[in-house]
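Here are my notes for a colleague opening this model. Please keep the structure in view while reading.

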Amino acid sequence: MTELAIDTENLTKEYPYGFLHLKKKASLEGLNMQVETGEVFGFIGPNGAGKSTTIKLLLRLIFPTAGSARILGKPIGDIDMHRDIGYLPEQPYFYDYLTAEELLDYLARFHDLTAADRKARIQRMLKKVGLETAKKIQLRKYSKGMLQRVGLAQAILHDPKVVILDEPMSGLDPVGRREVRDIILELKRDGKTVLFSTHILSDAEMLCDRVGVIVGGKLRGVGAPEQIVDMKSQGMEILFELPGQSTTPLLSKATRTGDRYRLQVPEEEIYGAIDQLRAAGARILSVVEMKATLEEYFMNLVEADRAQAAAVEVSGK
């Protein structure tokens, strides 16, 4: 059996609200989630779903109302265990008048590194996140994306076993996102466990061994991206060109872009549709099987949660 890097059991967080704080709202409800050692686990959900709450509970920045969690086989209250965790918050804040090099040197001193080791690691981390040419610039002059990279550098500076990243792609341009993805994959190759939260579903599909989908404070599904969405065929899509005019009935069902058309048909009708298009003089460019995407699965859960919340509000419960 694969050893668990992170294991939560009935983890719950409630916040009081209302007059005299007599009411309670659950930000996280009964989370049971396991992250295996050495895997990249994506924690996905809309804003306010409970992703950051879960991460803060794991790091003991806030405390659970109920339930428990273990990291690397130790309770999250174990102080020594936290030495093996790297963390990037969603909105990192650093001392404005320090340079990136000075900040990393300051943070490296918490990890009992020698001066030579600190210097070597800092240069290596700055190069890894693409800031080696900006290391002497004060952080107050950095863009949001550059600050995000500094935050990522400090998270992996001490070579942790578990890396927890809260929205690591936030504020990054396409080049920066690609660099962060490469870093996450490199951490996986080095045997590290990576837990990262995101609402960018394409990144989760590209990077993750498994994903956990959280909506409304509840974990709604866990599994490999291709498994969690039910990979049954949802039909076939035909891409074809048809210059000039045609009276074939299939055109009324197709979507046109210039001289090209996209036609979606049930799988059992694919050969008949192709024969009709060829008879009409169409040039078939591709035939692709349509399957559900992680985005569709995600949006279905979000819409169902919104409908439930609206029903509760109307009923007054």
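Is Lys-192 buried or exposed?

1. Lys-192 is buried, at a relative accessible area of 13%. Buried means under 20% relative accessible area, exposed means over 50%, and partly exposed lies in between (1.4 Å probe, protein chains only). The residue is found in the loop between α5 (174–189) and β8 (193–198). Helices (H or I, at least four residues) and strands (E, at least two) are DSSP runs, numbered from the N terminus.

2. A word on the source. This is a predicted model, where local features need pLDDT of at least 70, side-chain atom pairs count only at pLDDT 80 or more, and totals for chains, interfaces and linings use all residues. Residues are numbered from 1 along each chain as its sequence is written, and side-chain values use heavy atoms, with hydrogens and water left out.

3. What surrounds Lys-192? Its side chain reaches the backbone oxygen of Pro-160 at 3.4 Å. Leaving aside neighbours within four places in sequence, Lys-192 is in contact (heavy atoms within 4.5 Å) with Gly-38, Glu-39, Asp-159, Pro-160, Lys-161 and Leu-187.

4. Next, a surface patch. Phe-19, Leu-20 and Leu-22 form a nonpolar patch, with about 430 Å² of accessible area together. Areas come from the Shrake-Rupley method with a 1.4 Å probe; for residues, only the protein chains shown count as cover. Patches are made of residues with over 30% relative accessible area and no salt bridge; like charges are joined within 9 Å, nonpolar side chains (Val, Leu, Ile, Met, Phe, Trp, Tyr) within 5 Å. A salt bridge is a side-chain nitrogen of Lys or Arg within 4 Å of a carboxyl oxygen of Asp or Glu. Phe-19 lies in the loop between β1 (4–17) and β2 (23–36). Phe-19 is exposed, at 70% relative accessible area.

5. Now the backbone. Most residues other than glycine have a negative phi. Asn-10, in strand β1, has a positive phi near 55 degrees. Arg-60 has a positive phi of about 65 degrees and is not a glycine either. Arg-60 sits in the loop between α1 (51–58) and β4 (66–71). Asn-10 is partly exposed, at 40%, and Arg-60 is partly exposed, at 34%.

6. Finally, helix α8 (residues 270–279). Its buried residues are Ile-270, Ala-273, Ile-274 and Leu-277. They lie on the same side of α8, because they cover an arc of only 100 degrees around the axis. The arc is that of the directions from the helix axis to the C-beta atoms. On the other side, Tyr-271, Asp-275 and Ala-279 are exposed. Just after α8, Gly-281 takes a positive phi of about 90 degrees.

Technical notes
A polar contact is a pair of N or O atoms within 3.5 Å; within protein, one must be able to donate a hydrogen and the other to accept it, and residues adjacent in sequence count only if both atoms are side-chain atoms.
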